[in-house]
Amino acid sequence: MYDVIVVGARCAGASLAMLLARKGQRVLLLDKETFPSDFIATHMVWPPGGAALKRWGIWDEVAAADPALCRISYSTFVVGELRGPFHAVEGVDYTFNLRRVKLDEILVRAARRAGAEVREAVALDDLLYDGDRVVGVVAHEVRTGRRFEERAALVVGADGKNSTVAKRVGARAYQELEALTASYLLYAEDFPIDRTVDEVHTRPPYEYVILPTDSGLTVVNLVLTRSLLTEFRADVTKSFSAAYDRAPELGERLRASRPVTRVLGVVDLPNFYRVPYGEGWALVGDAGITRDPVRAQGQHSAFQDAELLATAIQDGLSGTTSLKDALAGYQQKRDDRTRASYKMCLDAARLEVPTPEAWAALEVILGKDPQATADFRGLVPASIQPREFFARWGDRAPVAR
Ligand SMILES: Cc1cc2nc3c(=O)[nH]c(=O)nc-3n(C[C@H](O)[C@H](O)[C@H](O)COP(=O)(O)OP(=O)(O)OC[C@H]3O[C@@H](n4cnc5c(N)ncnc54)[C@H](O)[C@@H]3O)c2cc1C
């Protein structure tokens, strides 16, 4: 019998298992993969993510894995461009860009070191119930097929957007929106880029996201509006190059680099919140909120939710408060923090570009002021909320006539 079984051992699950084990909980962490395990993504983590890893004392291991540390964000639109620092969180004023094949292994190792029992290559099949209450899991070993059951006071689904836990308990979704984009990327060596700069170039119907990552690699990503997908898929390699050539300077840089992978794609990109708790179960990370990857909001948010949920579980299981109230508080805090940034993300995924009037107003507000620009950036990972941003800078807003 465990206190908590966590299903899924990446950003959300491994972090949660580590934090709970450190609080003295008896934790079982399961994943159907074995680590190191690759994951198709663009691997950029906003400052709240690095700040979490520092708080947890595992930053040195991450730093030793050679992430790109980017202190400048550079975005261009047809109407203009923004270049400036990131909004600092607890002294972290950079994104860290580390491939998941490295990062997730570090997180799993940290969970194990903290005392969580980690079982890799184990897939969850079903949940065990006592009446309406979830009391455990039914799983099997991927290599041998051996089925087994384990019991716990709480089962947490950290098993990603297609969460089996969420499906089995029928977690209700809200704020849902169908996929707006598809995302294709390759890794390249020798890409001509300043390795301290994250680049995003919005040119509907595409967005070009170019991010330095570890080992001298660069993630060269193309976001495309959903309506182009069928045509694009007819020849992914050719379509990818042709799309880059529509922005000639970017196409030229791509040709000057050495791709080391084929073009990889992710097209299953839904947007939703799920109610993240019920009788004997909870959800964290993408299992609880999934949003388009266009603004790279998933990883730091998974860390923050893991931290919130660990505190709620500890409070609930230790009797400081009822588990139900503690988990309700977790949902409330998660939703309050992410509400505005979720909307911004969906606007970005529609590849909406500022009108010349909106751009002119933004330029007046930001006024080439690095701190205002950094604060504006901080809206994306929700390290600053719109009300704080406008309280600081709103008096520069052009007066409505
Ligand atoms: C194309 C793309 C690019 C992205 N780029 C970025 C980015 O640059 N920055 C960023 O912050 N976010 C990015 N994201 C989002 C980010 O990848 C997710 O938000 C993040 O992975 C969520 O972490 P998680 O731990 O909640 O879930 P996941 O990373 O999805 O991990 C879930 C784990 O659960 C396991 N699992 C699932 N089902 C079972 C089962 N039945 N039994 C056992 N184990 C199971 C899986 O094997 C997996 O290891 C991107 C996403 C995509 C698709």
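I count a residue as near a molecule or strand if one of its heavy atoms lies within 4 Å of it.

**Ground rules.** I am working with a predicted model, where local features need pLDDT of at least 70, side-chain atom pairs count only at pLDDT 80 or more, and totals for chains, interfaces and linings use all residues. Residues are numbered from 1 along each chain as its sequence is written, and side-chain values use heavy atoms, with hydrogens and water left out.

**Entry 1, the ligand.** I looked up the ligand shell and found 31 residues around the ligand, of which Arg 10, Asp 31, Thr 42, Met 44 and Asp 286 come nearest. Next I checked polar contacts (pairs of N or O atoms within 3.5 Å; within protein, one must be able to donate a hydrogen and the other to accept it, and residues adjacent in sequence count only if both atoms are side-chain atoms). Arg 10 places a polar side-chain atom 2.7 Å from a ligand oxygen. For Asp 31, a side-chain N or O atom is 2.7 Å from an oxygen atom of the ligand. With Thr 42, the corresponding distance is 2.6 Å. The ligand has 1000 Å² of accessible area on its own (Shrake-Rupley method, 1.4 Å probe; for residues, only the protein chains shown count as cover), and the protein covers 93% of that.

I use DSSP runs for helices (H or I, at least four residues) and strands (E, at least two), numbered from the N terminus. Helix 1 (11–22), strand 9 (122–130) and helix 9 (298–318) each give two or more residues to the shell. Strand 9 has the largest share, three residues.

The bounds come from an automatic or database domain assignment: domain 1 is 2–43 + 99–177 + 269–349, and domain 2 is 181–266. Their centres, taken over C-alpha atoms, are 31 Å apart. Between the domains it is about 1300 Å², with carbon and sulfur atoms giving 55%. On the domain 1 side, Ile 40, Thr 42 and Arg 99 supply 46% of the area buried against domain 2, more than any other three residues.

Most residues other than glycine have a negative phi, and most peptide bonds are trans. I noted a cis peptide bond between Phe 35 and Pro 36, with omega about 5°. Pro 36 sits in the loop between strand 2 (27–30) and strand 3 (44–45). Asp 190, not a glycine, has a positive phi of about 60°.

Terms used
Buried area = accessible area lost by both parts, 1.4 Å probe.
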